[in-house]
Amino acid sequence: MTPLIPTPATSEETLMSALPHRRSGVRALVVPVLASALAAGVLAGCGGSGDDDGAVTMWTYPVIFDEAKNKEYWDGLVGAFEKEHPGVTVKVETFPWANRDTALATAIASGKGPDAVYLIPDQMPKYAANIVPADEYMPADARADYTDFALKSVTYQDKVLGTPVLTSANPLICDKRVFDALGRSDYPTSWEDLSALAPALKKKGFYATSYSGDTQQTLNMTFYPLLWQAGGDVFSKDGSRVAFAEAPGVEALTYLKKLVDGGYTDKDLVTATPKLEQTPVARGKVACTWQNTPADVEPFWGKENTVVRPPLTGTESVGYGTVGALSMLKGADKKNTGDWLNFVAESKNTAGLEKSAGYFPARTSGGDLYPGDALQKAVADTLPSMTVGPLHDKSREVMGVLAPEIQAALLGKKSPQQALDDAAKAAQAMLGR
């Protein structure tokens, strides 16, 4: 969601794998990843660093990608909070996105986890047993202030598992210059519209869209929007089985494969993740994409050429958006950690975090962060069409087996049905573990 870390699908989601292992931090450098201590993802023990009276430790990730600005933001909040809470000290540590689950799970398993950590919704079920429900420290008036999207997105098994601090949306965005080259202004609203435009675009040297099939890219940003648009989902409603190999999933993957086979999207991106400036998107060769945000492409397209549209419709219009939240881990000093999380989550304090990369408030009191910015208003208008995806404790593991099978189908090694069936067989076995 920022041009500073350019990949074909920059967002806090894709940055888990795309960000370099750089050092960044607030009052402390990034600590090394404790990968070797994790045993098969077992989350034994408790998180929290409540051994020191009055000390609160929080782990976060570079939502603000400029290291100096990130430090300035968190140092400012820490200073203001400590001034209001004498005797309480807060240490915020900024980690790389890459391998964050391994590092966090390892720390929790060894009893050395932080008191609080930044999570996105589909991580929360995995750590649910280690998270203090937010209702135990969140004031009632604060809860009432959250948007339905923000609060629902961090609710798992009827428990609110985090304090939301930002929301985002990935609508369809189109390059006006490409459509001008065709002499058209009828931006696609459906799969059929995009397919109909594709041959004319190809004749002019343009791709209809951009799809990253690299298995390190999150499916939330790539394949899942198509699955949802087809009326499908990753899991059954009760979560007991995977559902992506059903008819909607086959329809979505078949549609995607036709785009790849027809040369309507860059086939090289099925297996590689170059920097954004090296892609057809940045070079002005892609008509529309759902894998980038206006903040990603604005340096290359220009704000005046960035057109925001609702997500494409298969049988419905739906796209991926996320909610960034701060969760308290068990073992933390509930009073001091709760006070800190409630302080950070105040609209006046989250504004700097949200505006840093084009995010939106999680609370109604956050208001309009971008007055007069028609582009950001257009993105905000699509928030009701967004979903954070499945909240399931095996969400990430299922992605791990599904992504290579989707790639195999796009490379012609398997049919869409066979690829999804093979992935479903492996994923279903995981659900029973």
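User: Hey, how are α10 and α15 oriented to each other: roughly parallel, roughly antiparallel, roughly perpendicular or oblique?

Analyst: Keep in mind that this is a predicted model. In it, helix α10 (residues 247–261) and α15 pack at an angle of about 45 degrees. Angles under 35 degrees count as roughly parallel and 65 to 115 as roughly perpendicular, so α10 and α15 come out as oblique to each other.

User: And how far apart are the axes of α10 and α15?

Analyst: The axes of α10 and α15 are 9 Å apart. As for handedness, α10 passes α15 in a right-handed crossing.

User: Which residues make that contact?

Analyst: From α10 you have L253, L256, K257, V260 and D261, and from α15 there are I406, A409 and L410. Sorted by class, the contact of α10 with α15 has six nonpolar and two charged residues, with no polar ones.

User: Let's stay with α15. At what angle does α15 pack with α16?

Analyst: Helix α15 (residues 395–410) and helix α16 (residues 416–431) pack at about 165 degrees, with axes 9 Å apart. Over 145 degrees counts as roughly antiparallel, which is why α15 and α16 are described as roughly antiparallel. The crossing of α15 and α16 is right-handed.

User: What residues are in the contact between α15 and α16?

Analyst: On the α15 side, look for E397, V398, V401, L402, E405 and A409. On the α16 side, the contact uses P416, A419, L420, D422, A423, A426, A427, M430 and L431. The classes here are twelve nonpolar and three charged, and no polar residues take part in the contact of α15 with α16.

User: Let's zoom in on L402. Is L402 buried or exposed?

Analyst: L402 lies in helix α15, and its relative accessible area is 0%. Buried means under 20%, so L402 counts as buried.

User: What is L402 in contact with, leaving aside its neighbours within four places in sequence?

Analyst: L402 is then in contact with L219, Y224, F244, L420 and A423. There's also a distance you can check on the model: the C-alpha atoms of L402 and D421 are separated by 9.7 Å, and these residues are 19 apart along the chain.

User: Okay, big picture. How many helices and strands are there in the protein chain?

Analyst: The protein chain has 16 helices and 13 strands. Of its 433 residues, 59% are buried. Also, if you take contacts between residues at least 6 apart in sequence, 79% of them join residues at least 24 apart.

User: New topic: α2. What is its crossing with α12 like, left-handed or right-handed?

Analyst: α2 passes α12 in a right-handed crossing. Their axes come within 11 Å and cross at roughly 125 degrees, with helix α12 covering residues 334–344. That angle falls between the roughly perpendicular range of 65 to 115 and the over-145 cut-off for roughly antiparallel, so α2 and α12 are oblique to each other.

User: Which residues meet there?

Analyst: W74, L77, V78, A80, F81 and E84 in α2 meet N336, D339, W340, F343 and V344 in α12. The contact of α2 with α12 divides into eight nonpolar, one polar and two charged residues.

User: Where is K69, and is it buried or exposed?

Analyst: K69 sits in helix α2 (residues 67–84). Exposed means over 50%, so K69 at 53% relative accessibility counts as exposed. From C-alpha to C-alpha, K69 and L353 are 9.9 Å apart in space, though 284 residues apart in sequence.

User: What about T94, buried or exposed?

Analyst: T94 counts as buried because its relative accessibility is 0%. T94 is in strand β2, and its side chain makes a polar contact with the side chain of N70, at 3.2 Å.

Note on methods
Residues numbered from 1 in each chain as written. Predicted model: local features only at pLDDT ≥ 70, side-chain atom pairs only at ≥ 80, totals over all residues. Heavy atoms only, no water. Axes fitted to C-alpha atoms, helices over the stretch in contact; angles between N-to-C directions. Helix = DSSP H or I, 4+ residues; strand = E, 2+ residues; numbered from the N terminus. Left-handed = near helix turned anticlockwise from the far one by under 90°. Contact = heavy atoms within 4.5 Å. Nonpolar A, V, L, I, M, F, W, Y, C, P; charged D, E, K, R; others polar. Buried < 20%, exposed > 50% of the residue type's maximum accessible area, 1.4 Å probe, protein only. Polar contact = N/O pair within 3.5 Å; in protein donor to acceptor, adjacent residues only side chain to side chain.
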